[in-house]
Amino acid sequence: MFENKKIFILGMGRSGNSVARLLHKKNEILITDLKSNKKDEEELKDLGVKVCITDKQAELLDESFDVLVKNPGVKLDNPVVLKAEKYNIPVITELEVAYRYLPKVKIID
């Protein structure tokens, strides 16, 4: 699953914050957004999450990241997503992270 990974989270909305809180204990997390939310930023920083508020998010992503977690609303032509693909960094959504933590169940017969 997610352990000892360097994870880039694109978007500090409710789901991005939740993913950061879920994964921060066993991973290095960078979360970024265009808009500041001081309360959430401070709470995440207190957990050891690196928080960057910038309009130059693509500049933060480099080949050292293991995975990019994006909000489902982030378009596939977003510069961060395109850069991740260039570096062969897997791009997943918060929903996929959550799914990986569900008990193994047979969904389709």
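**Basis.** I am working with a predicted model, in which local features need pLDDT of at least 70, side-chain atom pairs count only at pLDDT 80 or more, and totals for chains, interfaces and linings use all residues. Residues are numbered from 1 along each chain as its sequence is written, and side-chain values use heavy atoms, with hydrogens and water left out.

**Fold.** I looked up the secondary structure and found four helices and five strands. Helices (H or I, at least four residues) and strands (E, at least two) are DSSP runs, numbered from the N terminus. From the N terminus the order reads β-α-β-α-β-β-α-β-α. The radius of gyration is 14 Å, close to the 13 Å from the globule rule for 109 residues, so the chain is as compact as a globular protein of that length. That radius is taken over C-alpha atoms, and the rule is 2.2 Å times the number of residues to the power 0.38. Along the principal axes, the C-alpha atoms fill a box of roughly 45 × 30 × 25 Å.

Buried residues make up 38% of the 109. Buried is under 20% relative accessible area, exposed over 50%, partly exposed in between (1.4 Å probe, protein chains only).

**Gly48.** I found Gly48 in the loop between helix H2 (38-46) and strand E3 (50-53). Gly48 counts as exposed, at 61% relative accessibility.

**Salt bridges.** I searched the whole structure and got four salt bridges, each a side-chain nitrogen of Lys or Arg within 4 Å of a carboxyl oxygen of Asp or Glu.

- Glu3 and Lys26 meet at 4.0 Å, N to O. The pair links distant parts of the chain, 23 residues apart: Glu3 precedes strand E1 (6-10), and Lys26 sits in the loop between helix H1 (14-23) and strand E2 (28-33). Glu3 is partly exposed at 46%.
- Arg21 and Glu43 meet at 2.9 Å, N to O. Arg21 is in helix H1 and Glu43 in helix H2, so the pair ties together parts 22 residues apart in sequence. Arg21 is partly exposed at 33%, as is Glu43 at 30%. I also see Arg21, Lys39 and Glu43 linked in a network of salt bridges.
- Arg100 and Glu96 meet at 2.7 Å, N to O. Both lie in helix H4 (residues 94-100), four residues apart, about one turn of the helix. Arg100 is partly exposed at 32%, and Glu96 is partly exposed at 30%.
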